Amino acid sequence: MEKSFKLKFMKKESGALYKRTAGEKVVYVIVFLLFALYTFIMAFPFIWLLCNSLKSNYNYQEDYEKFRLLALPFEWRPQNYIDAFRELEYEGTNLFGMIFNSVWYTAVVVIEGVFFSACTGYCLSKYDFKLRGTIYFIAIFSMTIPIVGSLPASFKLSGDLRILNTPLQPILSCAGGFGFNFLIMYAFYKNMPWSYAEAVFIDGGNDFKAFFKVMLPMAKAPMITLSIISAISCWNDYTSILLFMRSYPTLAAGLYKVKSNIQLGEEPVYYAALLLAMLPVLIVFSIFSEQIMKNMSVGGLKG
Amino acid sequence: MEQDIAALQTQGTLPTNQKRIRKGNRRKGRTLFIVCILAIPILNWLVFWLYVNISSIFLAFQEIDPWTGTQQWSMGNFKKLWEQITGDGDLLLSIKNTGLYFLSGLLITMPLSLFISYFLSKKIFGYQFYRVVFYLPCIITPVILTSLYDQMLAPTGPLAKIFDKISLSYPLNGPLYKKDSVMPTVMIIIYTILTGFGGDMLIFSGAMSRIPTEVYESAKLDGCGPIREVFTIVMPLIWSTISTKIVLLMSGIFAASGPIMLLVTENYNTTTVAFWIYNIVQKGLDVNLVATAGLCFTLIIIPIIFGVRAVMDKFGNVEY
């Protein structure tokens, strides 16, 4: 009896309406309804997309004209998902090619970006050398000063280096170790005891061994979180692809271009492609959502 | 040789020497490690940041000679820029629109994120679900979201049908394609608000979750209501997060934009500074003018950022 009372009490205490005045309760209910409304506004287009991606062109047109927004298909056509791979293409790249481009582009940008940030963060936080202050200043300066309009010079440089429209463009340009990722890795290594590396030195290991065998694996948690955040933004990037790697359209860039060629009534196949493009990000997010949600805070990520 | 070593051993100098040699080797090894580890990031910074920005400054003082096609030193770009800003060109419009995006971010999206974060931190019913729902637009590619938004607003879309049902007039080509009107920009701003507060929400809820519950409890005992709680407890305690966010917003003022390219293929008076720059580079137009505009905007924004930062710091940060 006492136990159940305690449990009931504890449940009440943790609730949002516990010990609230009537006015406050009304506010909470209104806010809850507003949140629900937003959820509906956001969910509606996706349900609409799912319904229409499974319709035949005729079915889609018919429902459209009769204002049957969320009507289930009367002519089911899951074939649209296969047709999306067969029919949609941009500059000779079909959906498979776009997925392939998205995968390698994301992998390059994420691996390079996070790895080199870990390198610079580790070196600047753990080693005392002559240029350390200067390099740290450079890292902070590059982040603080917002340079506007350097895009033409970047574009020109890529042209001069003959890496424009080649896979070398992201490989070379993304091998930087500064920026937001650097700050996170720097803060992480700054708080990590040096004794781990010293143990390696006592065992006869050198600095490379200490970094690659001990210090880098220990930074797994922030590196995974940074990788997920970078991967989502890379997967969704379309502007830099359309500018620097036009012949290697990723899913985001390719679908944007494909959209302009879609004829009226052919939308269901395109909608199927949109849903397919969304899937990888949603899967990654659903697996790591807790990690992303919990670890994010301004100016830093917890390890 | 062996005799020498034996002699050294008897003198007791070998261990010291060995130590010195070992120390020297360690130092060399350490230097080699630092050089190897930092070489690529520094080279990358030198080429893709320093060189790019220096050459951007050079581009601002150069013009393409129409006869030879080569870059010639000139101050003409600054004159051209002034003409563009004071005239009726795209640049003036893009500055105005960028201002609208910035203000919507500062005055609508950020307070909205704070409002949502507050109720999420108070564990409103279903808060874990809503946290994911609010963050979802940040992870789904804008290509998909804009396609959906476009479909919803199209003259043949659901919104037009609803307007039709309740006998209200709807723009002929949809609100996104209304010529000579601010409507397309407003619609894109609404899109950025609807999809843009997820990231801020996470940051603010993270900051709010670190406020000790005892602070709320003692305030409540003193008769503090929710509005007072927000302004006298929450805001001051997360001020460092808010001020960082404001400074970041200021830093990106000229990058403030929406998915214009995805929503309106034709311009419809929606251009922003970021889109204006991107468009010129993509079409290979007057890149020197872009570099000049960029240089001027950077010179304008730097003192503003430092000023804003100083003002923000004056309010002081609370340690807890």
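Which residues are buried in helix 12 of chain B? Select this helix, residues 239-251 of chain B, in what is a predicted model. Thr241(B), Ile242(B), Ser243(B) and Lys245(B) are the buried residues there.

Next, consider the length of helix 12 of chain B.

The C-alpha trace extends over about 110 × 80 × 40 Å along its principal axes. For 320 residues, a compact globule would have a radius of gyration near 20 Å, but that of chain B is 29 Å. Buried residues amount to 33% of the chain. Of the contacts in chain B between residues at least 6 apart in sequence, 67% join residues at least 24 apart.

Colour the chain by domain. Domain 1 of chain B covers residues 2-53, and domain 2 covers residues 86-315. The centres of these two domains, taken over C-alpha atoms, are separated by 51 Å.

**The whole of chain A**

Turn to chain A, where 15 helices and four strands are found. Its radius of gyration is 26 Å, whereas the globule rule gives 19 Å for 303 residues; chain A is therefore more spread out than a compact globule. Along the principal axes, its C-alpha trace spans about 75 × 75 × 40 Å. In chain A, 37% of the residues count as buried.

Domain 1 of chain A runs over residues 13-84 and domain 2 over residues 89-261. How far apart do the C-alpha centres of these two domains lie? The separation is 37 Å.

**Where the chains meet**

Display both chains together and select the residues in contact between them. On the side of chain A there are 65 such residues, and they meet 68 residues of chain B. Helix 2 of chain A, residues 22-53, supplies the largest share of the chain A side, with nine residues. By type, this side of chain A comprises 44 nonpolar, 17 polar and four charged residues.

**The nonpolar cores**

In soluble globular proteins, nonpolar side chains tend to be buried together. With this in mind, select the largest nonpolar core, which has 113 residues. Those with the most contacts inside it are Met185(A), Leu255(A), Ala273(A), Leu274(A), Ala277(A) and Ile277(B). Helix 5 of chain A, residues 95-126, gives the most to this core, with twelve residues.

Centre the view on Ile277(B). Leaving aside residues up to four places away in sequence, Ile277(B) touches Gly149(A), Leu151(A) and Val290(B).

Finally, select another core of 18 residues, which lies apart from the largest one. Among its residues are Phe35(A), Leu114(B), Leu120(B) and Ile242(B). Ile242(B) also belongs to the buried residues of helix 12 of chain B, where the tour began.

Note on methods:
Residues numbered from 1 in each chain as written. Chains lettered and ligands numbered in written order. Predicted model: local features only at pLDDT ≥ 70, side-chain atom pairs only at ≥ 80, totals over all residues. Core = buried A, V, L, I, M, F, W, Y, C linked by C-beta atoms within 7 Å. Buried ≥ 20, exposed ≤ 12 C-beta atoms within 10 Å, placed from the backbone. Helix = DSSP H or I, 4+ residues; strand = E, 2+ residues; numbered from the N terminus. Contact = placed C-beta atoms within 7 Å. Rg over C-alpha atoms; globule rule 2.2 N^0.38 Å. Nonpolar A, V, L, I, M, F, W, Y, C, P; charged D, E, K, R; others polar. Domains from an automatic or database assignment. Expected span 1.5 Å × (residues − 1).
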